[in-house]
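Hi everyone, thanks for coming. Let's have the structure up on the screen, and then I'll walk you through a few places in it.

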Amino acid sequence: QDSADLCCVRFSPDGAHLLSSGEDNTAVLSDSLSGAPVVAYHGHDNAVTRVAFSPGGGLPFVATASYDQTARVWPLCGGPAVATLRGHGWFLNTVNLSGGENHRAVTGSYDSTARVWDWPEGRELHSFHHASSVWSVQFSPDEQEVLSGCEDYSASLWDLRSGQRGICLRRHSGAVWQAVFADPLGRRVVTVSWDSTAKVWDIRKGTELATFRGHTAGLQCCAVSRDVCASGDQSGSLRTWLLPP
């Protein structure tokens, strides 16, 4: 994918592979040490905006989201897509998979919805409506909830049992480009925003625990490892922060 603009890159859960996607309508699995391509996933008709690995347990799969308004699930080892998820009304921005044998996918789109799927059946289970484009989706550690980040400056927690919104976090002054769980129990959440800040929340209480300032451009991505958060902004700056206890 050297000749195409890259949209996303992810490490596999075991760190052995990288999954990347770009504007050439493909995703590529590569060896993380040598960089050599292992598998290419072809089938989308527009840019592949996001990729995801199944988090572990059961058979390994990868998922892709595309501007062709579909998400697809593929065997990690290659071959045709085993599921094509259709139903969104506009470009897809993001996708994630559940773990184990649950076989759920969650997608987010410019059509202002996050949708949960039984992907082997290609069946939509929930459609969570937002006020604007959905940029980030993630299953909770127990896979009973979905966390979403939205262009309307908010992040929301959705209950998969009731199908209702639980908590809505609204203290950013710009689009929330990513929202991630920050501990294995799903109690803390980190959000990063176009307002140039990252925030840490107690998601169960809906209270803000910390705000990280220092970036000079809009934040687009973040990652959490134990008690450290890394955030990246539009200017290419990367910062790390110590999470509060």
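Let's begin with S21, which lies in strand 2, residues 17-22. A strand here is a DSSP run of E with at least two residues, numbered from the N terminus. Before going on: this is a predicted model, where local features need pLDDT of at least 70, side-chain atom pairs count only at pLDDT 80 or more, and totals for chains, interfaces and linings use all residues. Residues are numbered from 1 along each chain as its sequence is written, and side-chain values use heavy atoms, with hydrogens and water left out.

So, is S21 buried or exposed? S21 counts as buried because its relative accessibility is 0%; buried means under 20% relative accessible area, with a 1.4 Å probe and protein chains only. The S21 side chain also reaches the backbone oxygen of V48, at 2.8 Å.

Strand 15 (residues 155-159) is joined to strand 16 by three bridges, and S156 has C168 in strand 16 as its bridge partner.

Another open sheet of four strands runs 17-18-19-20, again with antiparallel pairing. Its edge strands are strand 17 (176-181) and strand 20 (207-212). Inside this sheet, five bridges join strand 18 (residues 188-193) to strand 19 (residues 198-202), and V192 stands opposite A198 in strand 19.

Conventions
Buried means under 20% relative accessible area, exposed over 50%, partly exposed in between (1.4 Å probe, protein chains only). A polar contact is a pair of N or O atoms within 3.5 Å; within protein, one must be able to donate a hydrogen and the other to accept it, and residues adjacent in sequence count only if both atoms are side-chain atoms. Two strands pair if DSSP finds at least two bridges between them.
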